Structure formats: structure tokens, C-alpha cells
Amino acid sequence: MSKKEGVKKPIYKKWWFWVIVLLGLSAIGNLGKETEDDSSSQSSSSQTTSVQSSSVASSSEIKGSSDRDSLNEALGDPSALFYDNVQNDVTGNWRLMVYSSPETIVDHAVEYYNAYFESDKEIHWAVNQELKTTSCISVVLGDLHIDVHEYVDKEENDAKVLGGGKLLNSYIVNPSSGEIDNLSNVTGKSGESVSLESIKESIVALLPQEYRSGKWFDVSLNTGFDESVSVFIQIDQGSDDSDSALSLATEYFEIVKQEVENAGVTFDSFSMNVVNNGAPVGLFSTSDGKNFVSIANGKRTEISLP
């Protein structure tokens, strides 16, 4: 009898086939795990690098001591002291610098801002012990506003008295260009700079002492865009006689106009508020001394004098 030819088994029924398949799957699984681990490691490394970079960026935004050292050297006082709080300040926004130098903080306002301001909400005070001045620096609508006061002894120790000295000058400084605008001066007719304070002093000197020493006495000057000057005076006449009040306004108009023009400055207008022991009598305004606008008892009246 002839020998029957054996039928070959399919390859997937061979035992060694499945050994090879299992080994292959195991290898692929390990490879996938290693790839995942590598990806995870790279992702973790990337996140760490990102955090570190972020930290470095944040650190670089903090104003460095080099800016402050440079400012102090420019002021001529490397040992200038800076305090991030002022005693009795209830806002928490006041800062204080104490230095001694012939240099004014106004001339270095932009450098100061870049070195010491951390927020535009802050109010900074710079006490110059050599010049005996105290300057208040603040940010208003993107510009630096600086009021320079006479120094009051030991005022830097108490926010309640800091900046209480006589106002000497006011400035606006553009932080981008560094341009300084002196608000206490006005350009005269010949182009020279004239101090508003000097005009004010000459006007006050011509007013009767009985008014100057009064509790409600006040004199202020303002300038317009055309460099003209307006003057405001408040006095306590000691009575509620509105006719006497108008007479005072007429008399003092001539004094005010004359002093402004004597200073070489264009006169604009004059206003006088007359009170009686603090109670309002009338506000009188004029630009020519003849035609007045009066506001009294809540009523507005136009008055024309002969």
C-alpha cells in the first residue's frame, strides 16, 4: 500500500510561529513604553524649562539695584536712603527717599521713576537735606507731577506732616522725552519766564493788612494756554453788604491788573470772592473792571459800571 502523503499544517498552527509573534509583540510593547517615557521626559523637561524661563522673565521685570545706584551717583549721593513705607501713611502707597545734594529731583525725575517706582499708584517723597526741600512725585495721566515744598524739620518721620511746607514750584515731566514744564512760571510778552509766585507776592503786599491776616484770605494765580494770567482773591470784609463787596472788587481789580502787567505778562481776568466771617457774600468776576458777573444767593447777575 502506498504511503499516504502527509498534509502540511498551516503556519499559524506551528508552535514556533506563536513564540515569534509573542516575542515580537513584547518587543513592540517595550519600544512603545520607551517612546512614551521619552516623550513624557521631554514634556516634563520642556515644562521645567518653561517655568524657569518664566521665572527669569519675571525676575528681569523687577527694577534692579543698578538703576538705583546709577541714579544715586547722578544725584551726587551714593548713600541716599530709600524707604518703601512712611510712618503713619494709611494708604500703603507712600515711598520715601532721603538724600543730600545740590541736584534737584526734578532734573532726574525720569531716572528716579525708572529706578524706584513699582506702580503708578505710588506717591513718592524725596527729601533733599542740602537744599532743604521736599518733593512729591506722582503719576497723573501718564506724566510725572512734582510739587516742591520747603522742608519742615523731621517731616520725613511722619506722613501726617510730610509735604506740609510752603509750595515753591510745580512741574510736569514727560517720562518719554524728559521734557520739563514749570507750572509755576509763565512766559512773558518778551519771551522771558516769569514766576507766578513773584506776581502773587507783589499783589499780596499791596492789600490791606486787615485782610491779609484774615482767616479766609487767599490769593491764587492761574495761566491759560495763551500764557495769560487770571487772578483770584478771597477776603473777609466783616459784613454782608454786597455793595461794599462790589466796591472792593472794583478797587482791587486795578491793583491786580497793574501788577500782572508790570511783570510783563498778559492779564486775562480777575475774580474776587467776598465773605462775612466765612459766609458767602458774593463772587465778582471781570476782565475789564467795568462789566462784572456777580453770583450771590444762588443768583447770577451782570453788572455794568459807568
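Two strands pair if DSSP finds at least two bridges between them. The legends below concern a predicted model.

**Close-up A. Strands S13 and S14 form an antiparallel pair.** Strand S13 covers residues 279-286 and strand S14 covers residues 291-296. Four bridges join the two strands. Phe284 has Ser294, in S14, as its bridge partner.

**Close-up B. Six strands make up an open sheet with mixed pairing.** The strand order is S10-S11-S12-S13-S14-S15. The edge positions are taken by S10 (218-223) and S15 (299-304); each has a single partner strand, so one side of each is left without a neighbour in the sheet. From one strand to the next, the twist averages 15°. In general, the strands of a sheet pair through backbone hydrogen bonds, in either a parallel or an antiparallel manner.

**Close-up C. Tyr211 and Tyr252 form an aromatic pair.** Rings count as paired if their centres lie within 6.5 Å, and planes over 60 degrees apart count as edge-to-face. By this rule the count comes to eight aromatic pairs. The ring centres of Tyr211 and Tyr252 are 6.4 Å apart and the planes stand at 80°, so this pair is edge-to-face. The pair links distant parts of the chain, 41 residues apart: Tyr211 belongs to helix H5 (residues 209-212), and Tyr252 belongs to helix H6 (residues 242-262). Tyr211 is buried, with a relative accessible area of 12%. Tyr252 is also buried, its relative accessible area being 2%.

**Close-up D. Helix H6 is shown together with the residues at its start and just after it.** Buried residues of H6 include Ala245, Leu246, Leu248, Ala249 and Tyr252. Phe253, Ile255, Val256, Glu259 and Val260 of H6 are buried as well. At the start of the helix, a side-chain oxygen of Asp241 comes to within 2.9 Å of the backbone nitrogen of Asp243. Just after H6, Gly264 adopts a positive phi of about 80°.

**Close-up E. Five aromatic residues form one cluster.** The members are Phe82, Tyr112, Tyr113, Tyr116 and Phe117. Arg68 lies over the face of Phe82, at 5.1 Å from the ring centre.

Key:
Residues are numbered from 1 along each chain as its sequence is written. This is a predicted model: local features need pLDDT of at least 70, side-chain atom pairs count only at pLDDT 80 or more; totals for chains, interfaces and linings use all residues. Side-chain values use heavy atoms; hydrogens and water are left out. Rings of Phe, Tyr and Trp (its six-membered ring) pair if their centres lie within 6.5 Å; planes under 30 degrees apart count as stacked, over 60 as edge-to-face and the rest as tilted. Buried means under 20% relative accessible area, exposed over 50%, partly exposed in between (1.4 Å probe, protein chains only). A charge sits over a ring if NZ of Lys or CZ of Arg is within 6 Å of the ring centre and within 35 degrees of the ring normal. A polar contact is a pair of N or O atoms within 3.5 Å; within protein, one must be able to donate a hydrogen and the other to accept it, and residues adjacent in sequence count only if both atoms are side-chain atoms. Axes are lines fitted to C-alpha atoms, for helices over the stretch in contact, and angles run from 0 to 180 degrees between N-to-C directions.
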